[in-house]
Amino acid sequence: MTAYTTVVVGTDGSDSSFRAVDRAAAVTADSGAQLVIVCAYYPASRGDVEKAQDVLRDEAYQVVGSAPAEDTLQSARDRAVKVGATNIETVAVVGEPVESLRKVVQERSADLLVVGNRGLNTLAGRILGSVPSEAARKSGVDVLIVHTT
């Protein structure tokens, strides 16, 4: 079996997704592969920004627009470096998580997608679908579902 050359991992800033980042980083550290860390987000509307500013004041930047995604990506990058990954790219993508991951996998010609298992065994996940199960069905590449819960 040949080693993976490009590994994509999705994160939303949760502890579960950061454990998936850790595993993906370990895979790339061992193989010398490129690690692409992806965070999907939806841009905030003007009304959402104003509401957040009213409630949160100076802290509003942390929950609106792309700032939370960029912060999440920086935290994920820091974790990946600690695990030993060296060739790291971060990508913030506007959109829904599964489609965003699929898009980045395709654009980067990735050969492995890593996701956490959060939502896989929940009732809502069984009825509505979860990011891990949808990603496994739609990605078109090998998928590593990391046991994180």
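# Chatting through the helices, sheet and cores

Reader: Hi! Which residues of helix H4 (residues 97–107) are buried?
Author: Val98, Ser100, Leu101, Val104 and Val105 are buried in H4, where buried means under 20% relative accessible area with a 1.4 Å probe, protein chains only. Helices here are DSSP runs of H or I with at least four residues, and strands are runs of E with at least two, numbered from the N terminus.

Reader: Where do they sit around the axis of H4?
Author: On the same side, because they cover an arc of only 165° around the axis; the arc is that of the directions from the helix axis to the C-beta atoms.

Reader: Before I go on, what kind of model is it?
Author: This is a predicted model, in which local features need pLDDT of at least 70 and side-chain atom pairs count only at pLDDT 80 or more, while totals for chains, interfaces and linings use all residues. Residues are numbered from 1 along each chain as its sequence is written, and side-chain values use heavy atoms, with hydrogens and water left out.

Reader: Thanks! What follows H4?
Author: Serine 109, with a positive phi near 50°.

Reader: New topic: in what order do the strands of the sheet come?
Author: The order is S3-S2-S1-S4-S5, an open sheet of 5 strands with parallel pairing. Two strands pair if DSSP finds at least two bridges between them. The edge strands, S3 (88–94) and S5 (142–146), each pair on one side only.

Reader: How many bridges join S1 to S4?
Author: There are 3. Valine 7 stands opposite leucine 112 in S4.

Reader: And which residues touch the most others in the largest nonpolar core?
Author: Val7, Val9, Val21, Leu35, Ile37, Ala80 and Val114, out of 22 residues in that core. A nonpolar core is a set of buried Ala, Val, Leu, Ile, Met, Phe, Trp, Tyr and Cys residues joined through side-chain atoms within 4.5 Å.

Reader: Which element gives the largest share of this core?
Author: H1, with 5 residues. A second, separate core has 12 residues, including Val38, Val93, Leu101 and Ala135.

Reader: What is valine 21 in contact with?
Author: Leaving aside neighbours within four places in sequence, valine 21 is in contact with Val9, Thr11, Ile37, Ala76 and Ala80; contact means heavy atoms within 4.5 Å.

Reader: Last one: is threonine 72 buried or exposed?
Author: Buried, because its relative accessible area is 13%.

How values were computed:
Buried < 20%, exposed > 50% of the residue type's maximum accessible area, 1.4 Å probe, protein only.
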